[in-house]
Amino acid sequence: MIKAIVFDLGGVVFKSDSGSYETREKIAERFGIDKEKLHDFWFDKKEKMVRGRLSEEDYFKELIVEFNINTSLDELK
C-alpha cells in the first residue's frame, strides 16, 4: 500500500530562479555583496523557507536589512 508520494520540486520538476546559485551570484554583483556571505545567508534561511516558516517576501526583506541594500523589494525580486 502506498502511504506517501514525495516530490523534489526545486531544480528537479521545475527550476526555481529565486534560490539558484546563479541568481545569488547576480544579486551579489549587482548590489556589491560578498558572495560567500550571501550564500551563507541563503543556506541559513533556506530551511525556514522550505518548511513554510519564512515567506519569500520576508526572506527578501531580511536580505535587504542584513546587507544594507538600498533598493526596493520589487527591484530586488
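Analyst: Let's start with helix axes: they are lines fitted to C-alpha atoms, over the stretch in contact, with angles running from 0 to 180 degrees between N-to-C directions. This is a predicted model, where local features need pLDDT of at least 70 and side-chain atom pairs 80 or more, while totals for chains, interfaces and linings use all residues. Residues are numbered from 1 along each chain, and side-chain values use heavy atoms, without hydrogens or water.

User: At what angle do the axes of α1 and α2 cross?

Analyst: Two packed helices are described by the angle and the distance between their axes. Here α1 (residues 21-31) and α2 (residues 35-50), both DSSP runs (H or I, at least four residues), cross at roughly 130°, with their axes coming within 9 Å.

User: Which residues of α1 meet α2?

Analyst: Tyr-21, Arg-24, Glu-25, Ile-27, Ala-28 and Glu-29 of α1 meet α2 residues Lys-35, Leu-38, His-39, Trp-42 and Phe-43, contact being heavy atoms within 4.5 Å.

User: How many residues has the largest nonpolar core?

Analyst: Nonpolar side chains tend to be buried together in soluble globular proteins. This core has 15 residues, with Ile-33, Leu-38, Tyr-59, Phe-60, Leu-63, Phe-67 and Leu-76 making the most contacts inside it. Its largest share, four residues, comes from α3. Leaving aside residues up to four places away in sequence, Leu-63 touches Leu-38, Phe-41, Ile-69 and Leu-76.

User: What is phi of Asn-68?

Analyst: Most residues other than glycine have a negative phi. Asn-68 has a positive one, near 50°, and is found in the loop between α3 and α4. At 69% relative accessibility, Asn-68 counts as exposed (over 50%, 1.4 Å probe, protein chains only).

Definitions and conventions. Helices (H or I, at least four residues) and strands (E, at least two) are DSSP runs, numbered from the N terminus. A nonpolar core is a set of buried Ala, Val, Leu, Ile, Met, Phe, Trp, Tyr and Cys residues joined through side-chain atoms within 4.5 Å. Buried means under 20% relative accessible area, exposed over 50%, partly exposed in between (1.4 Å probe, protein chains only).
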